[in-house]
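Thanks for coming, everyone. I'll keep this short. Please have the structure open as I talk.

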Amino acid sequence: MRRPPVPRVVALAALAGLVTCAAAGQARAQAVAPDRDYGSMYDDRLLQEKQGGYREVVLWNLNNVFLPKITPEERRRLQGLDVQFPLRGPERGLFEYFATAPARVVLPVLAIRFFADLSVAYAWLQSQGYTLETVTDYVSMVKYQPSSRFGGRYPEPRAALGIPPNATDDPRVERISGKILNESLSFVLLHELGHIVFQHPGYGPGVPRERARENEDQADRFALEVLRRVGQPVEGLLFWFLSAAHFVPHRADFASDAEYQGHLRRSTHPLTSERLTRLGEFLRAHAADYGRLQTNPARAAEIIRGVADAIDREVVPVLADPDQQRLMALKGQRVGLETLSPRRPTEVMAAAPSPSAVPPLSPGAPSPTFDGVFDGQMSDRTGALPARTVLRRQGDRVSGVYSYGAGQGEIVGIVEGDTLIFVWQSGGSRGRGRVRTSPGGVEFEGTWGYGDASAGGGTWTGARRGR
């Protein structure tokens, strides 16, 4: 989206009767659990200050950039369009945007402001050479932890992530964060318009799962097609979908596949790996169109194809792999504000406990295998490093954390006899592994690998020293 010159805001009158704006409408009343109320993250005063500016920019671009690129038939179906900017959505959500019949789009100020802050955090951390992992860690934290852990009110992104108040004084931070926000909000707005253009009935008992999935794909294609006609780059979509994927419910949040499928049937905007795969395919097919107006069109097209590849590589697995989702949940449940401070990619999230801090095992006390604190080594082709692995077992399920040198990660696995089969994640890398315990569960040794491989990366050993 482009920020309009102030005198041109009057261009809204040129489409009088097509686009109107309501400042505080809400679609429906919705009970919100007190410990998951994201609506109090920002004060009313701040949201009211931002409301007018967001409305001005969105509607100016809608009328002057996007609507001129739609067909007469698409314009006819949008007749009477009502774009609303309430302070909060009915569910007081952080990623809450929606369309309702006959022609209303709701873009809550809370959701826009939240992603704007995430974008600034991303841009500032990148400009300073800090790891970007803390941004998605923060999103997972507010997803899985109740507001009571933060005094009854979730912390704003920039405060939680240690972003200085003057971060946007840096022109690079202002440019990158604005680009991410504008491109993402353009897609969201046009996606919602797509639902109206194609008169989608939404979700519910009367809409088959297959039809609902087709509706989302069709709305995505409409948004991408209009952006293609405009020639607007879409690099910002990568961060948008990566952030949303760490927040939306996924398979690992449900006890069974049937429960998860039931959620998808009820959801108004299910974010699935299949949907993002198809979105990436569209971007690759039309990469040249998105970059044609840039200074270097060939380079711009290459960047768009890179975005599509990154969506497949970084976002699709978050939505497709239940093992990785369990790792995300584990991290989201245990991360704290003290671990979100800016850090270099080589710095650990939190120091491993010293040997003296580990309580010894009581003499003769029974202990299940793969449960406790284990000291050993992790090796790869370059050598071996001391490693500490902390495992907690419930039934045949095991979860834990490990640290080695300057690295730290999480594992989730299942015990089969004397063997632990697990998946691991550290930073942007992930893979699988298999270790076998000695009699009595005192030691373990085995291998780890990348991706779907359980070997090939190196070896992993541990000897239990405490609980």
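**A walk around the barrel**

Let's start with one pair of residues. Q377 stands opposite T461 in β12. Before I go on, note that this is a predicted model.

Now, the strands behind that pair. Strand β5, residues 372-380, pairs with strand β12, residues 458-466. The pairing is antiparallel and has six bridges.

What is the bridge partner of Q377 in β6? The partner there is P386. Strand β11, residues 443-450, is joined to β12 by six bridges, and the two run antiparallel.

Back to β5. Strand β6 covers residues 383-394, and β5 pairs with β6 in the antiparallel sense over nine bridges. D380 stands opposite G383 in β6.

Next step along. β6 pairs with strand β7, residues 397-404, again antiparallel, over eight bridges.

Now put the strands together. What do they form? A closed barrel of eight strands, with antiparallel pairing. The order is β5-β6-β7-β8-β9-β10-β11-β12. From one strand to the next, the twist averages 30 degrees.

**Two helix pairs**

On to helices packed against helices. Two packed helices are described by the angle between their axes and the distance between the axes.

First pair. Helix α3 is residues 109-128, and helix α4 is residues 133-144. Their axes come within 9 Å and cross at roughly 150 degrees. Anything over 145 counts as roughly antiparallel, so α3 is roughly antiparallel to α4. Who meets whom? On the α3 side, F114, L118, Y122 and L125; on the α4 side, T134, V135, Y138 and V139. By class, this contact has seven nonpolar residues, one polar and no charged.

Second pair. Helix α6 spans residues 171-197, and helix α8 spans residues 237-245. The axes come within 8 Å, and the crossing is roughly 70 degrees. The range for roughly perpendicular is 65 to 115, and therefore α6 and α8 are roughly perpendicular to each other. From α6, the contact takes I180, E183, S184, F187 and V188. From α8, L237, F239, W240 and F241 take part. That gives seven nonpolar residues, one polar and one charged.

**One glutamine**

Last stop: Q84, in strand β2, residues 81-84. Is Q84 buried or exposed? Buried, because its relative accessibility is 6%, and the cut-off for buried is under 20%.

Which side chains make polar contacts with the side chain of Q84? D82 is one, at 3.1 Å. R104 is another, at 3.5 Å.

That's the tour. Over to you for questions.

Technical notes. Residues numbered from 1 in each chain as written. Predicted model: local features only at pLDDT ≥ 70, side-chain atom pairs only at ≥ 80, totals over all residues. Heavy atoms only, no water. Axes fitted to C-alpha atoms, helices over the stretch in contact; angles between N-to-C directions. Helix = DSSP H or I, 4+ residues; strand = E, 2+ residues; numbered from the N terminus. Parallel < 35°, antiparallel > 145°, perpendicular 65-115°, else oblique. Contact = heavy atoms within 4.5 Å. Nonpolar A, V, L, I, M, F, W, Y, C, P; charged D, E, K, R; others polar. Buried < 20%, exposed > 50% of the residue type's maximum accessible area, 1.4 Å probe, protein only. Polar contact = N/O pair within 3.5 Å; in protein donor to acceptor, adjacent residues only side chain to side chain. Pairing = 2+ DSSP bridges.
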